Amino acid sequence: MTRTVYLNGDYLPETEAKVSIFDRGFLMADGVYEVTSVLDGKLIDFDGHVKRLTRSLGELELTCPIGEGELLAMHRELVARNGIDQGMIYLQITRGNPGDRSFLFPDASVPATVVAFTQDIPNMIDAPAAKTGIKIITIPDLRWSRVDIKTVQLLYPSMGKMAAKKAGVDDSWFTDEAGRVTEGTSNNAYIVKGNRIITRALGNDILHGITRAAVLRFAREAQFEVEERPFTPEEAKGSDEAFSTAASLFVMPVVEVDGKPVGTGKPGPVATRLREIYIDEMRRAAI
Ligand code: PLP
């Protein structure tokens, strides 16, 4: 089926949506994005995604041409037009097309480019990987130092996914210069020790995951202790459990780090429980 996508106010067949070669998203990776999950045809944590989008835009002095109400209506329209029950909506806003290539930002008369499209993922809740858990390797974090801004510069995360694929595993977690885990290629990273959930604190060195915020809130409500501090791959290998979170993954158990099993080498009770709580609560609050 041909998808209907959104481009600057229009709903178009995906084959007809065209963006200029001078668009700064294409030439400079000058743009930001958000990915919102869809469950039961409804949007998960839409408010959180819009808040982070607004922050990312502000950090880059990029003006959003479309208000929150319009963004919500557009997301709902894409879900309806494409018949999405489970899946994601990808939204990208770039600094638009100044008509030539220049490092300087164009003036505000150049409109931003707004693009959005759906991805249909029928088994997001029953993802096979959530039953087996995923395996990861660790690699140095060589990204720029403002990864708290959700920009479209995803080359190094792509290289991290390729490194994982070449190593025969599912994903990579990045480590900082001191050898401590920052986050995954496209997810936040956690370990579990007894009743304690450990994850790096918010800063410029990780993306402030919308799923992370919700999962930590639910974890505290369920009487888990939350410790926001860095941990090493060694500590992860000696932990009871590990997991990753992202809008598209929910809570994903990690069962192997750098070739060593974590805990029993199977998804553990804490990650499994947090995944259930997260899906239940977010489904209830979906709009
Ligand atoms: N960290 C990085 C680098 C990401 O790219 C993502 C999501 O794309 C996340 C964390 C998780 O963020 P969220 O839970 O908002 O999807």
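The largest cavity holds about 30 Å³ of space, a volume being the space filled by probe spheres set on grid points joined across faces, edges and corners. This is a predicted model, in which local features need pLDDT of at least 70 and side-chain atom pairs count only at pLDDT 80 or more, while totals for chains, interfaces and linings use all residues. Residues are numbered from 1 along each chain as its sequence is written, and side-chain values use heavy atoms, with hydrogens and water left out.

**Stop 1: the cavity**

Select Asp240, Glu241, Ala242, Pro253, Val254, Val262, Thr264, Lys266, Pro267 and Gly268, which line the largest cavity. The elements giving two or more residues to this lining are β13 and β14. A search of the whole structure finds 1 cavity of 30 Å³ or more. A cavity is a set of points, on a 1 Å grid over the protein atoms alone, where a 1.4 Å probe fits but cannot get out; lining residues have an atom within 4 Å of a point. Helices (H or I, at least four residues) and strands (E, at least two) are DSSP runs numbered from the N terminus.

**Stop 2: helix α8**

Next, select residues 269–285, the 17 residues of helix α8. From first C-alpha to last, α8 reaches 24 Å, close to the 24 Å expected at 1.5 Å a residue; the expected span is 1.5 Å times one less than the number of residues. Its buried residues (under 20% relative accessible area, with a 1.4 Å probe and protein chains only) are Val270, Ala271, Leu274, Arg275, Ile277, Tyr278, Ile279 and Met282. Among the elements they pack against are α6 (210–221), β13 (241–246) and β14 (250–257), contact meaning heavy atoms within 4.5 Å.

**Stop 3: the six-stranded sheet**

Now display the open sheet of 6 strands, ordered β2-β1-β6-β5-β3-β4 with antiparallel pairing. β2 (10–13) and β4 (42–43) stand at the edges with a single partner strand each, so one side of each lacks a neighbour in the sheet. Two strands pair if DSSP finds at least two bridges between them; β1 (residues 4–7) and β2 are joined by 4 bridges. Leucine 7 stands opposite aspartate 10 in β2.

Within β6 (residues 113–120), pick threonine 118. Threonine 118 counts as buried because its relative accessibility is 1%. Leaving aside neighbours within four places in sequence, its contacts include Arg3, Leu78, Asn82 and Met88.

**Stop 4**

Then select α2 (residues 46–59), whose buried residues include Phe46, His49, Val50, Leu53 and Leu57. The cover over the buried residues of α2 includes β3, β4, α3, β5 and α6. After α2 comes glutamate 61, with a positive phi near 50 degrees.

**Stop 4: the β8 and β9 hairpin**

Finally, select β8 (residues 171–175) and β9 (residues 181–184), antiparallel partners over 2 bridges. Tryptophan 173 stands opposite glycine 184 in β9. The hairpin has 5 residues between its strands, and glycine 179 takes a positive phi near 80 degrees.

Threonine 175, in β8, counts as buried because its relative accessibility is 12%. Not counting residues up to four places away in sequence, threonine 175 touches Thr138, Ile139, Pro140, Asp141, Arg180, Val181, Thr182 and Pro233. The C-alpha atoms of threonine 175 and serine 239 are separated by 17 Å.

Terms used: Buried < 20%, exposed > 50% of the residue type's maximum accessible area, 1.4 Å probe, protein only. 1 Å grid on protein atoms, 1.4 Å probe; cavity = no way out; pocket = protein on both sides within 12 Å on 5 of 7 lines; lining within 4 Å.
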